[in-house]
Amino acid sequence: MIKFYVKTYGCQMNVRDSGLVKALLMQHGYTAVDTEEQADLIIINTCSVRGKAEDKALGKLRLMTITKKNNPARMVGAIGCMVQRLGESIFDNVPLLDFAVGPNRITAIPGIIDAIKAGQGPICDVGLDKGSEEELSAHAESGISAFVNILFGCNRRCTYCIVPSVRGAEWSRPAKSIVDEIKVLAENGIKEVTLLGQSVMAYGKRNDVFPEDYKSPHGYMEPLSRLLEEVNDIKSIKRIRFTSGHPSGCTAELAQAMGELAKICAHMHLPVQSGSDAILKRMRRGYTVAEYKAAVLRLRDVMPSIAITSDVIVGFPGETDQDFEMTQALMNEIDFNNTFIFKYSTRPGTPAAEWEDDITDEEKMRRNQILLKNQDDRANAISNALVGQTVTILVEGVSARNEDRWMGRTEANTITVFENDGTVQVGDLIKIHVNRATIFTLYGKIVK
Ligand code: SAH
Ligand code: SF4
Ligand code: F3S
């Protein structure tokens, strides 16, 4: 019996890909183990989005391949975006690697391992054929939440970003496959799904996902709203999220659908990247600051308390103090619930790589620290404003920090800790009266 371990770097798509490879390997009779020490097969799922992400993955791969010296039967594979970027040359970086498989070829992994066992290694596969809808629908989740791919690839081509070149062109899965996949998840106890796409509102824009004569019960015209409506109808699913958003997709119809469909969480991850029109233009983001604000307004019009989270890049080539201050001001104005702040990292082959990376590391760090501090202050205020209020949470189970307590998440995805009086079960939607708050955690009592 082969024991395997998968280590994941990168975004939610990689988390989903790792879940898929786990499910496929288990279908092939392999056993998942909790630590790499126990494993005969170690798979590292890599990310390419910043230089640091690649350094981490390469370091880990080298460490893992070194352990083969004491354990020659052990197999080590790299999968994911960095493999797609480096291709065969990854074997120059990590000579003892057994296989390297790109993010489009996850479904091929069991076959590739069989071929290596038959003496055909090392193998590199960075092809584009994703496999069948049936293979792509496999899951191995044990909790109450699952990620579901709805859109692969990205056509936006922001100038700093490696994703389009490693994840390829946009392709939307048929709505029926997605709904069928979620129905199976629901039968297996999943209560919350997060629909994934790099630019998720582009769902169904490049290829048809609904039959031509499809009639939306609410009369929606946009494929994403229609899909949300279908998923909303799946009985035991209690919550639906989707990510990542783009302002151009925050249409009045989508806002309306989010308001009308009871299970859609009032939360949107809407990366802004910068608060300067000059920088946004050079980033080729496809919106201005005014358009971004208008998108947020459309959402808040329907859902006044919607949580908006974001991504920001500091130190993009040519970012002046003034540009930076505009970003700071916009973040304050929008009042983001949470923001991931990244220091610009040149990615080989992207359009921005042609420009000098002229902001020093110290300056990027300084800007990063300022935005982090501001964000913490905002998040603290938002958290504290909830004290005395009632929130609805989806219960996940016993708190990792304290076994006497239970935890769940609000619609905004904020961890909420409470004492279970024995009436509450995993997967319940319950109301909590908040009596204390820290920056990322709420504490409260069950409301009867
Ligand atoms: N598809 C998502 C983002 C995927 S990458 C979207 O566009 O909304 C996640 C985040 O990494 C991006 O939002 C961006 O803030 C950051 N990022 C991407 N490329 C980067 C780079 N070259 N340097 C620094 N941060 C980067
Ligand atoms: Fe990258 Fe832009 Fe696509 Fe996001 S939308 S994955 S930042 S190219
Ligand atoms: Fe995600 Fe990193 Fe690939 S952010 S799409 S795993 S480059």
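This is a predicted model: local features need pLDDT of at least 70, side-chain atom pairs count only at pLDDT 80 or more; totals for chains, interfaces and linings use all residues.
Let me start with Arg-156, which is found in the loop between strand 8 (151–152) and helix 7 (163–167), where helices (H or I, at least four residues) and strands (E, at least two) are DSSP runs numbered from the N terminus. Residues are numbered from 1 along each chain as its sequence is written, and side-chain values use heavy atoms, with hydrogens and water left out.

Arg-156 counts as partly exposed because its relative accessibility is 29%; on this scale buried means under 20% relative accessible area, exposed means over 50%, and partly exposed lies in between, with a 1.4 Å probe and protein chains only. If we leave aside its neighbours within four places in sequence, Arg-156 is in contact with Ser-199, His-246, Ser-248, Arg-285 and Gly-286, contact meaning heavy atoms within 4.5 Å. With one of these residues, His-246, the side chain of Arg-156 makes a side-chain to side-chain polar contact at 3.3 Å. A polar contact here is a pair of N or O atoms within 3.5 Å; within protein, one must be able to donate a hydrogen and the other to accept it, and residues adjacent in sequence count only if both atoms are side-chain atoms. For a sense of scale, Arg-156 and Glu-403 are 247 residues apart in sequence and 45 Å apart in space, C-alpha to C-alpha.

Arg-157 also has its place in the loop between strand 8 and helix 7, and its phi is near 60°, a positive value in a residue other than glycine. Arg-157 is partly exposed, since its relative accessible area is 47%. Arg-284, in the loop between helix 11 (277–283) and helix 12 (289–302), likewise has a positive phi near 60°, and with a relative accessible area of 42% it is partly exposed. Most residues other than glycine have a negative phi, and most peptide bonds are trans.

The bond joining Gly-121 and Pro-122 is cis, with omega about -10°, and Pro-122 is found in the loop between helix 5 and strand 6. The bond from Thr-243 to Ser-244 is cis as well, with omega near -5°, and Ser-244 lies in the loop between strand 11 (239–243) and helix 10 (252–260).

Now to helix 5 itself, which covers residues 109–120. Its 12 residues have end C-alpha atoms only 14 Å apart, short of the 16 Å that a straight helix would reach at 1.5 Å a residue, the expected span being 1.5 Å times one less than the number of residues. Which residues of helix 5 are buried? They include Ile-109, Pro-110, Ile-112, Ile-113, Ala-115 and Ile-116, and what covers them includes helix 1 (12–27), strand 3 (41–46), strand 4 (75–80), strand 5 (99–101) and strand 6 (123–125).

In the loop between strand 5 and helix 5 we find Arg-105, which counts as buried because its relative accessibility is 18%. Its side chain makes a polar contact of 3.0 Å with the side chain of Asp-125, and, neighbours within four places in sequence aside, Arg-105 is in contact with Asp-125, Val-126, Gly-127, Leu-128 and Asp-129.

Let me turn to the aromatic residues. The structure holds seven aromatic pairs, where rings of Phe, Tyr and Trp (its six-membered ring) pair if their centres lie within 6.5 Å, and planes under 30 degrees apart count as stacked, over 60 as edge-to-face and the rest as tilted. One of them joins Tyr-287 and Tyr-292, whose ring centres are 5.8 Å apart and whose planes stand at 45°, so the pair is tilted; both residues are buried. Another is Phe-316 with Tyr-344, at 5.4 Å between centres and 75° between planes, so this pair is edge-to-face. This pair links distant parts of the chain, 28 residues apart, with Phe-316 in the loop between strand 13 (307–314) and helix 13 (321–334) and Tyr-344 in the loop between strand 14 (338–343) and helix 14 (361–384). Phe-316 and Tyr-344 are buried, and together with Tyr-160 and Trp-355 they form one aromatic cluster.

Definitions and conventions. Chains are lettered from A and ligands numbered from 1 in the order in which they are written.
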